[in-house]
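Please consult the sequence and structure shown below while reading.

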Amino acid sequence: MSARDEFPIFEHTVYANSCSQGALSKRVRDAVESWIAGWDENGAEWDFWVERNEAARVAFAGLLHASPDDVGVTTSVSQAVSGLVSALDLSGERNRIVVSEYEFPTVGQIAHAQELRGAEVVHVRPEADGRISLERFADAIDERTALVCCTAVSFRSGPRHDGSAVAELAHASGALLLADSYQAVGALELDVRTLGADVITGGTVKYLLGSAGLGFMWIRESLRRRLLPTQTGWFADEDIFAMSIADYSPHATARRFDSGTPPVPSLYPGVAGMELVAEAGVPAIESHVRTLVDGLLSGLDDLGATVATGRGAREYGPLICVVSTDPSALVDALAAERIVTSTRDSNLRISLHLYNVEEDVDRILAALAANRALLA
């Protein structure tokens, strides 16, 4: 993909760690510098900063095929999920939060924090082969369930969940479904019209190619009209410039899940990164990455490597995890060959994106072959 030219790191390094952080592009660097330059030249740039906040909202909505009015702009998934659960009544019989074992720590930790408000947290454990079956979710969800948390792609070992099927289970019991899409958005096509989720979260630091500190929460229109978060801030008010301290007047749209002053330093690179993704087109990115990942999997099979990620047609995305006898040593060995990867648990994580090419996959496989003793 021609977008590769935007990323100077590929002049000397194979970058295969988008599941941790996207590679830095020239456009994102320029956007950060424009923020600094504008601040330096004009002083207070509130009009521009507010405009960037709304540009981010529109960009997030575009990626999800959603309306901007249904998208809250946040600093992180942590802020988004905390705002969401603050709007749930967990004091009665419907006080159960169901959490898949593959959620990011943010989601699990926030769920358990609600135990202070009377919540009961139930974990959905994987099968022996690492998959979390639909039956496991069905066993955990009942009429006491308020919220089901089902990540789109797990950061631990890369499996994709059938979010639509889990949503059907949740809705049949009157529960809501939260789908954290941080490991999917920008690399996999997400469409709120067909996903079935009630709430979708994500952010810019990974496949959206921006910096840390900027996230989103999409909320189904029929739901956000009745959810009143108690975690709030002045940018969540119906009139942010009324400056009233006399009442709580949340915005009619999903802006009620915004918070305080926008994360200005992250807005500029975040919008720039999303522009790159939008120009390439997520369906084209998904197809390109799928071809690369299939080539990677074939090479891993030739090496006799153990792949922790499921191999079904819709069981994997841009993130593939390889079991290692010493994953930290393997990451270091690849780094010595100027290949950037990462690790979680006992797995080497390899994640590919729009800027990767077949030569990158070949170099990764050659480096793994040279370090075969570190593969399980």
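Strands β2 and β8 (residues 215-219) pair in the antiparallel sense over four bridges. Within this pairing, Val 73 has Phe 216 of β8 as its bridge partner. Strands (E, at least two residues) and helices (H or I, at least four residues) are DSSP runs numbered from the N terminus, and two strands count as paired if DSSP finds at least two bridges between them.

The model is a predicted one, in which local features need pLDDT of at least 70 and side-chain atom pairs count only at pLDDT 80 or more, while totals for chains, interfaces and linings use all residues. Residues are numbered from 1 along each chain as its sequence is written, and side-chain values use heavy atoms, with hydrogens and water left out.

**The sheet**

Seven strands make up an open sheet of mixed pairing, ordered β2-β8-β7-β6-β5-β3-β4. At its edges stand β2 (71-74) and β4 (120-124), each of which pairs on one side only. Neighbouring strands are turned against each other by 20 degrees on average, direction ignored. Helix α3 (residues 77-86) packs on this sheet and touches β2, β5 (145-149), β6, β7 (199-203) and β8; contact here means heavy atoms within 4.5 Å. The direction of α3 makes about 160 degrees with that of β7, where axes are lines fitted to C-alpha atoms, for helices over the stretch in contact, and angles run from 0 to 180 degrees between N-to-C directions.

Strand β7 has a partner in β6, to which it runs parallel with three bridges; in this pairing Asp 180 stands opposite Thr 201 of β7. Strands β7 and β8 are antiparallel and share five bridges, with Val 199 opposite Ile 219 of β8. Why is β7 largely enclosed by the rest of the structure? Five of its five residues are buried, so β7 is largely enclosed; buried means under 20% relative accessible area, exposed over 50% and partly exposed in between, for a 1.4 Å probe and protein chains only. Both faces are covered, with Val 199, Thr 201 and Gly 203 buried on one side and Ile 200 and Gly 202 buried on the other.

**Pockets and cavity**

On a 1 Å grid over the protein atoms alone, a cavity is a set of points where a 1.4 Å probe fits but cannot get out; a pocket is an open set with protein on both sides within 12 Å along at least five of seven lines, and lining residues have an atom within 4 Å of a point. Grid points are joined across faces, edges and corners, and a volume is the space filled by probe spheres set on the points. In the table, Ala, Val, Leu, Ile, Met, Phe, Trp, Tyr, Cys and Pro count as nonpolar, Asp, Glu, Lys and Arg as charged, and the others, Gly among them, as polar.

| Space | Volume | Lining residues by class |
|---|---|---|
| Largest pocket | About 670 Å³ | 18 nonpolar, nine polar, seven charged |
| Second largest pocket | About 260 Å³ | seven nonpolar, seven polar, five charged |
| Largest cavity | About 30 Å³ | two nonpolar, three polar, two charged |

Of the 34 residues lining the largest pocket, Arg 160, His 161, Asp 162, Gly 163 and Arg 314 lie nearest its centre. Elements α5 (134-140), α6 (163-172), β6 (176-180) and α7 (192-195) each supply at least two lining residues, and α6 gives the most, with four.

The second largest pocket is lined by 19 residues, with Phe 104, Asp 180, Tyr 182, Gln 183 and Lys 206 nearest its centre. Asp 180 is also the residue opposite Thr 201 in β7.

The structure holds one cavity of 30 Å³ or more. Gln 79, Gly 83, Pro 229, Gln 231, Arg 256, Phe 257 and Asp 258 line the largest cavity.
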